[in-house]
Amino acid sequence: MKKVAVILKGYPRLSETFIAQELLALEKAGINLIIYSLRRPTDRDVHPIHSMIQAPVRYLPEYLTWHPLRVMLGLLSSLRSKNLRQLLRVFFKDLRRDRSANRIRRLGQAMVLYREIADDRNWIYAHFIHTPASVARYCSILSDLPWSCSAHAKDIWTSPKWEIEEKLDSLEWLVTCTASNRDYLAGLSANPDRIRLLYHGLDLERFSDASKQHLNNGSAEQVRVRILSVGRAVSKKGYDVLIEALAKLPDDVHWTFVHVGGGPLLKDLKRQAKSLHLQARIEWQGPLSFSKVLEQYRDSDIFVLASRIDSDGDRDGLPNVLMEAMSQRLACISTDISGIPELIRHDENGLIVKSEDVDALARAIERLIGDTECRDALGSEGRRTVEESFSLKRNVQLLVDRLSE
């Protein structure tokens, strides 16, 4: 069984519960882990699951100038590696195509990791194929340790093809969370069999079935419909589209929109809501702990995520928040991008609309507000879908098998 150095961009993070779920599942399966994070945490809270993970966490220098002694010792140690020339050939080839401080930082972090990685580690596993995979790849060259990777969304779609291709040639195997990701990455790999589909999956012990009906219909104040969305306020989440759609709902319908999450566009979204005279109908909750997010799912009537493909190509893969909402029998509305249609089947376990179609999104929301029977049916089927095809226990076994070989 492998003893694994896990390379993460930041740890712990509220927005990456899917990684925490996976790490805990691997530990329960007996995989020995040490976490190496490129950044220290910035979230004030952590989820309870983070305290359940026993793996030690070690932080690499976030900026090389902050830890000159560690960087110098990493460099001196790397000078003794028989593979230093090979690493420098790879690095300078990368640097010619990406002349950035970030590229140099990854080399420095890899050298520190090479010096500080535990002597008993025999595998490197990176989450995300952009910067964590760069550190993993460079350290793998220095150390002769094999490495593998999990790829998700932004890391795939905003990385240059040349970089992905060369990383795919270097690693042993890669898992990714949607069929659309798998097909794209397989097309870039000389060995497409290395690319495997691995849905994140949901830990149904943590998301137990509340068997709750969400039946407010908005016909009066006492049955006000609570519309929920959970996600960072970034362009690819389409919250500006969602706010426009909410503004098109009939005036005589009683509703409240609740947003959970932080993000750089929150101020812009609040200004947009105010300009549309919606500020009194919107609750901006900010980032919340797991228990409070679970309460929001159970207290709401409809879940909406208006995902889109951003101008730089960034997009969601298969957002865990949709699985979480469906696990609580919450009828979901989302869009037709990436892996979302792999989870939501239109009019069977949720509703799918065309990305960035404000009118279609408004019609879907209005439909579910008024049709509580449809909402209840979609919610029940959503729970069944998660149980049968997207449970963590079912999906993480591939990773356990790979790391147990």
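Colleague: What makes the radius of gyration agree with a compact globule?

Modeller: The rule is 2.2 Å times the number of residues to the power 0.38, with the radius taken over C-alpha atoms. For 405 residues a compact globule would come near 22 Å, and the protein has 22 Å, so the two agree. Do keep in mind that this is a predicted model, where local features need pLDDT of at least 70, side-chain atom pairs count only at pLDDT 80 or more, and totals for chains, interfaces and linings use all residues. Residues are numbered from 1 along each chain as its sequence is written, and side-chain values use heavy atoms, leaving out hydrogens and water.

Colleague: How many of the residues count as buried?

Modeller: Buried means under 20% relative accessible area with a 1.4 Å probe, protein chains only. By that cut-off, 58% of the 405 residues are buried.

Colleague: Why are β11 and β12 called paired strands?

Modeller: Strands are DSSP runs of E, at least two residues, numbered from the N terminus. Two of them pair if DSSP finds at least two bridges between them; β11 (residues 302–304) and β12 (residues 331–335) have 3, so they pair, and they run parallel. In β12, Ile333 is the bridge partner of Val304.

Colleague: What makes β10 and β13 the edge strands?

Modeller: The open sheet has 6 strands in the order β10-β9-β8-β11-β12-β13, with parallel pairing. Both β10 (282–286) and β13 (351–353) pair on one side only, as edge strands.

Definitions and conventions:
Helices (H or I, at least four residues) and strands (E, at least two) are DSSP runs, numbered from the N terminus. Buried means under 20% relative accessible area, exposed over 50%, partly exposed in between (1.4 Å probe, protein chains only).
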